[in-house]
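Here is a briefing on one protein model and its ligand.

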Amino acid sequence: MTFDTAPPNEHLVIIGNGMAGHRLVTALLARNDRPKHITILGEENTGAYNRILLSPWLAGEIDRDALALPALDAEGVQHRPGERVIRIDRATRSLTFATGERLAYDRLVIATGSTPLLPDVPGITLDNVGGFRTQKDAQWLMQCPPDSSAVVIGGGLLGLEAAEGLRKRGVRVTVLQRSDRVMNRQLDTTAAGWLEQTLARRGITVETGAQVARLDGDHDGRVRSLTLTDGRTLAADCVVVAAGIVPNAALGFAAGLAGDHAIAVDDTLSTSDPAIMALGECCEFQGATFGLVEPIRAQVEVLTHRLCGTQAHYHLSPTATRLKVSNIDLYSFGPLDPEPGDEILRYVDAEHGDYRRLILRHNILVGAVLYGDTRDGPWYFQQSLEQRDLTRCRDILLFGATDATQQLEEAA
Ligand SMILES: Cc1cc2nc3c(=O)[nH]c(=O)nc-3n(C[C@H](O)[C@H](O)[C@H](O)COP(=O)(O)OP(=O)(O)OC[C@H]3O[C@@H](n4cnc5c(N)ncnc54)[C@H](O)[C@@H]3O)c2cc1C
């Protein structure tokens, strides 16, 4: 398939100045054959920033300045922060802002990200209850006074990072996790158990198998407590919800674009309207939605080609996960549960807090959980991506990249 090159005066409009939108413009600016007029619109009032760094910012590990992504200053490029788009009119190829202003486009990219998923329980709209997604959210959490009580709903990556940030600010934190262990999608019971013990030593209480039934507030409408389905009540001056995300697809759906949970795209990132593309957490590809930046980087590369008239195709690829909590090192990829015939290799050094669990399928590494010394994580991940036959170094595989590589090279 070939694509038209960008007409000389084409106006490309991007809705969403987040990680995906900003990266796309950065990539386009490196190309001479890019659309000459680009407008990037963002609902947030700030310049683009690195959302990933909200966690270390909340934890007081970095300054606010460190969040900022480079300004996109180039001829023909306009950045308009504080502009919420409320409608896409495909017939006239125009957008309507919340202010009523309209803007015409030739091609449009939707990069509106996602919103925290709030559980449908009574009291969820009380004051001091919210997600952890934006700079504004982080600023809200920074206002939690020391010695106040916070409850974090969700013991996944985001919930634990929020919990640690609040703890470092002197807040008493309880994490509620619905499943039987924290980070249940990335960690097996051993690694999750160690993580829970480490968090407990730091003063974070983790309640697993815990589900929220209702939140109660005071006469000013501020949250005061939270009741679990087992009847227990916890005091809460603040409730952070980190229980998943919902793609911001409503704008696309209202314009008639196809999609199930998010805006559906093909392998060129085109939606059901060829003049409109989508990427990042607001899109879905082959039924998959996204919640990490790595796949978004790959999408940006493909979309840059498409917008400049050259070819590339997006395909799903595995991602690895790390937790950004200081002095807790975790690295994980692939499935947690072995299939019949899979081999599990384990190394446990409880004294030094070092744990490795590898899943081999026909001598190819398909999954890993590392806790403690995670330096070899990227090497294991690379072996898995390359589907390398590790028969020759199987015996020393658990001891890391250096010895295993040597053995593989000697055998070659
Ligand atoms: C605290 C935190 C820590 C994270 N840590 C990691 C990590 O360690 N590793 C990792 O891979 N991922 C991490 N993530 C996830 C990562 O940040 C997201 O995957 C990434 O930001 C998604 O990029 P996006 O551009 O699709 O969405 P966003 O970055 O959310 O950008 C979407 C933008 O669109 C704007 N927008 C929405 N609707 C409209 C509208 N109607 N009009 C105008 N503008 C609109 C929004 O205001 C927003 O600025 C983290 C996320 C959070 C919140």
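Predicted model: local features only at pLDDT ≥ 70, side-chain atom pairs only at ≥ 80, totals over all residues.

**Ligand site and core**

An oxygen atom of the ligand sits 3.5 Å from a polar backbone atom of Ala111. Residues are numbered from 1 along each chain as its sequence is written, and side-chain values use heavy atoms, with hydrogens and water left out.

**Contacts with the ligand**

- Lys324 places a polar side-chain atom 2.6 Å from an oxygen atom of the ligand.
- Gly291 uses its backbone: an N or O atom there is 3.5 Å from an oxygen atom of the ligand.
- On its own, the ligand has 990 Å² of accessible area, and the protein covers 91% of that. Accessible areas come from the Shrake-Rupley method with a 1.4 Å probe; for residues, only the protein chains shown count as cover.

**The shell around the ligand**

- The ligand is surrounded by 30 residues. A residue is near a molecule or strand if one of its heavy atoms lies within 4 Å of it.
- The closest are Ala20, Glu44, Arg133, Glu281 and Lys324.
- By class, the shell holds 13 nonpolar, 8 polar and 9 charged residues. Nonpolar covers Ala, Val, Leu, Ile, Met, Phe, Trp, Tyr, Cys and Pro; charged covers Asp, Glu, Lys and Arg; the others, Gly among them, count as polar.
- Domain 1 (11-115 + 245-307) and domain 2 (129-241) each supply at least three residues to the shell. These domain bounds come from an automatic or database domain assignment.

**The largest nonpolar core**

- This core has 46 residues. A nonpolar core is a set of buried Ala, Val, Leu, Ile, Met, Phe, Trp, Tyr and Cys residues joined through side-chain atoms within 4.5 Å.
- Ile14, Ile88, Leu95, Leu108, Val109 and Ile110 touch the most other members.
- Elements that give two or more residues to the core include strand E1 (11-15), strand E2 (37-42), strand E4 (85-89) and strand E7 (107-110). Helices (H or I, at least four residues) and strands (E, at least two) are DSSP runs, numbered from the N terminus.
- H7 gives the most to this core, with 5 residues.

**Buried residues**

- Thr39 lies in strand E2. Thr39 is buried, at 4% relative accessibility. Buried means under 20% relative accessible area, exposed over 50%, and partly exposed in between (1.4 Å probe, protein chains only).
- The side chains of Thr39 and His11 make a polar contact at 2.7 Å.
- Ser332 belongs to strand E22 (residues 330-333). Its relative accessible area is 4%, so Ser332 counts as buried.
- A polar side-chain atom of Ser332 lies 2.7 Å from the backbone oxygen of Gln186.
- Gly252 is in helix H6 (residues 250-254). Gly252 is buried, with a relative accessible area of 0%.
- Gly252 and Ala262 are 10 residues apart in sequence, and their C-alpha atoms are 8.7 Å apart.
- Leu345 is part of strand E23 (residues 343-349), and at 8% relative accessibility Leu345 counts as buried.
- Leu345 and Ile359 are 14 residues apart along the chain, with 6.5 Å between their C-alpha atoms.

**Loop residues with positive phi**

- Most residues other than glycine have a negative phi.
- Asn327 has a positive phi, near 65 degrees. Asn327 sits in the loop between strand E21 (320-322) and E22. Asn327 is exposed, at 73% relative accessibility.
- Asn363 also has a positive phi, near 70 degrees. Asn363 is in the loop between strand E24 (354-361) and strand E25 (364-371). Asn363 is partly exposed, at 24% relative accessible area.

- Val246 is in strand E17 (residues 245-247). Val246 is partly exposed, with a relative accessible area of 35%.
- Val246 and His352 are 106 residues apart in sequence and 39 Å apart in space, C-alpha to C-alpha.

Technical notes. Polar contact = N/O pair within 3.5 Å; in protein donor to acceptor, adjacent residues only side chain to side chain.
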